[in-house]
Amino acid sequence: MEWIELLKALILGFVEGMTEFAPVSSTGHMIIVDDMWLQTKEFLGSGSANTFKIVIQLGSILAVVFVMWKRLLSLVGLYKMEGQQSTRFNLGHVLIGIIPAGVFGLLFEDFIDENLFSIKTVIIGLIIGAVFMIIADKFGPRKPSITSLDNISYSKAFKIGVIQCLSLWPGFSRSGSTISGGVLLGLDHKTAADFTFIMAVPIMAGASGLSLVKNWDQINADHFSFYAVGFISAFIFALISIKFFLKLISKVKLTPFAVYRIVLALILIFILSI
C-alpha cells in the first residue's frame with residue numbers, strides 16, 4: 001500500500017470513529033466520503049471495500065469495550081455495578097435485543113451488500129431516519145419511566161431490537177433507530193444510548209466476522225495494512241467522541257442530529273443533480 005492509500009484508510013477511520021455513536025449513520029458517511037472522493041473500490045475491489053466499511057467499525061466497538069468495560073463484565077457476573085438492582089440488566093437483555101437484527105441481517109446480507117451501498121440509498125436512509133428521530137423527540141414521554149439500564153424489561157429490549165432492524169438500510173443509523181425506538185418506549189436518551197452501544201458490540205463483531213469470511217477471497221495481503229490503519233484510526237477517534245456524545249445526547253436530544261441529516265441529504269441531492 002502506498003502512503004496516499006493509507007491516508008484514505010486514516011480518513012475513513014476518522015469518519016467512522018467520529019460518527020459511529022452519533023445518530024447520523026457512520027456507514028452512510030463512509031459511503032458518501034468514499035464514493036465521492038476516496039474511491040477505495042478502485043484499488044481494493046468492490047467486495048473488499050464494502051467489507052472494510054463493516055470491519056472498520058470494530059475499532060469503534062473496541063472503544064465501547066474500553067469505556068464501558070465494567071458494565072460489559074457485569075453482564076456475565078464478573079463485576080458488581082454500584083447500586084445494581086437484583087432485577088439487573090443482564091446478558092439476556094442483550095441477546096434478546098440483537099436477535100431480530102441478527103436474523104434479518106443474515107437473511108438480507110447479500111441484498112444489502114449488492115444493492116444498498118450507494119449514495120442514493122444513503123440519502124433515503126438519512127431522510128427517513130431523520131423523520132423517525134423527530135417523531136421520537138416529539139411524541140416520546142416527557143418524563144421517561146426508564147432512566148437506567150437496570151430498569152429495561154426483556155419485552156422492551158426485544159422491541160428495541162426489532163426497531164434496530166431499520167438500521168440495516170445504510171444511512172438510517174443503528175444508534176438513530178435504537179435511541180429513537182428506546183425513547184418512544186419510555187427510555188431516557190442517555191439510557192437508550194447506553195443500550196445501543198452495548199448491543200453494538202456483539203452485532204458488529206458478528207457482522208464483521210461474517211463479512212470477512214464471505215469476502216476473504218477478495219482480500220489479499222496488500223489490504224491488511226489498509227485495514228489496520230483504518231481500524232486503529234477508528235478506535236482512537238471513537239474514544240474521543242463516545243464520552244462527548246453520551247453527555248451531548250442528554251442535553252440536545254435527537255432533533256438537532258435529524259436537522260443535520262436532512263441538510264446533508266439536500267446537499268447530496270443538489271450535488272448529484274448538477
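Which residues of helix H9 (residues 154–164) are buried?

1. Basis. This is a predicted model, in which local features need pLDDT of at least 70 and side-chain atom pairs count only at pLDDT 80 or more, while totals for chains, interfaces and linings use all residues. Residues are numbered from 1 along each chain as its sequence is written, and side-chain values use heavy atoms, with hydrogens and water left out.

2. Helix H9. The buried residues here are Ala157, Ile160, Gly161 and Gln164. Seen down the axis of H9, these buried residues fall within an arc of 105 degrees, so they line one face of the helix. The arc is that of the directions from the helix axis to the C-beta atoms. An α-helix has 3.6 residues a turn, so residues three or four places apart point the same way. "Buried" stands for under 20% relative accessible area, "exposed" for over 50%, and "partly exposed" for what is in between (1.4 Å probe, protein chains only). The cover over the buried residues of H9 includes helix H7 (91–115), helix H10 (174–184) and helix H11 (189–214). Helices (H or I, at least four residues) and strands (E, at least two) are DSSP runs, numbered from the N terminus.

3. Helix H10. Of the 11 residues in H10, 10 are buried, and the helix is mostly covered. The buried set consists of Arg174, Ser175, Gly176, Ser177, Thr178, Ile179, Ser180, Gly181, Gly182 and Val183. Among the elements that cover these residues are helix H5 (57–67), helix H8 (119–139), H9, H11 and helix H12 (224–252). After H10 comes Gly186, with a positive phi near 105 degrees.

4. Positive phi at residues other than glycine. Ser173 is not a glycine, yet its phi is positive, at about 90 degrees. Ser173 sits in the loop between H9 and H10 and counts as buried at 4% relative accessibility. Gln39, also not a glycine, has a positive phi of about 55 degrees. Gln39 belongs to the loop between helix H2 (26–38) and helix H3 (41–44); with a relative accessible area of 31%, Gln39 is partly exposed.

5. Gly140. This residue is in the loop between H8 and H9 and is buried, its relative accessible area being 13%. Setting aside residues up to four places away in sequence, Gly140 touches Ile135, Val183 and Leu184, where contact means heavy atoms within 4.5 Å.

6. Phe245. Located in helix H12, Phe245 counts as buried at 4% relative accessibility. Neighbours within four places in sequence aside, Phe245 contacts Phe21, Ala22, Pro23, Ile179, Ala193, Phe197 and Phe257. Phe245 and Ala22 are 223 residues apart along the chain, and their C-alpha atoms are separated by 6.7 Å.

7. Leu246. Helix H12 also holds Leu246, which is buried with a relative accessible area of 11%. Not counting residues up to four places away in sequence, Leu246 touches Lys190, Ala193, Asp194 and Phe197. Leu246 and Val213 are 33 residues apart along the chain, and their C-alpha atoms are 33 Å apart.

8. Fold and dimensions. The protein has 13 helices and 0 strands. For 274 residues, a compact globule would have a radius of gyration near 19 Å, and the 18 Å of the protein agrees with that. The radius is taken over C-alpha atoms, and the globule rule is 2.2 Å times the number of residues to the power 0.38. Taken along the principal axes, the C-alpha atoms fill a box of roughly 55 × 45 × 35 Å.

9. Burial, contacts and surface. Buried residues account for 51% of the 274 residues. Of the contacts between residues at least 6 apart in sequence, 82% join residues at least 24 apart. The protein exposes about 12700 Å², and carbon and sulfur atoms supply 70% of this area. Accessible areas come from the Shrake-Rupley method with a 1.4 Å probe; for residues, only the protein chains shown count as cover.

10. Charges. There are 21 positive and 18 negative side chains, and the centres of the two sets lie 16 Å apart. Lys and Arg count as positive and Asp and Glu as negative, with His and the chain ends not counted. Each charge is placed at NZ of Lys, CZ of Arg, CG of Asp or CD of Glu.
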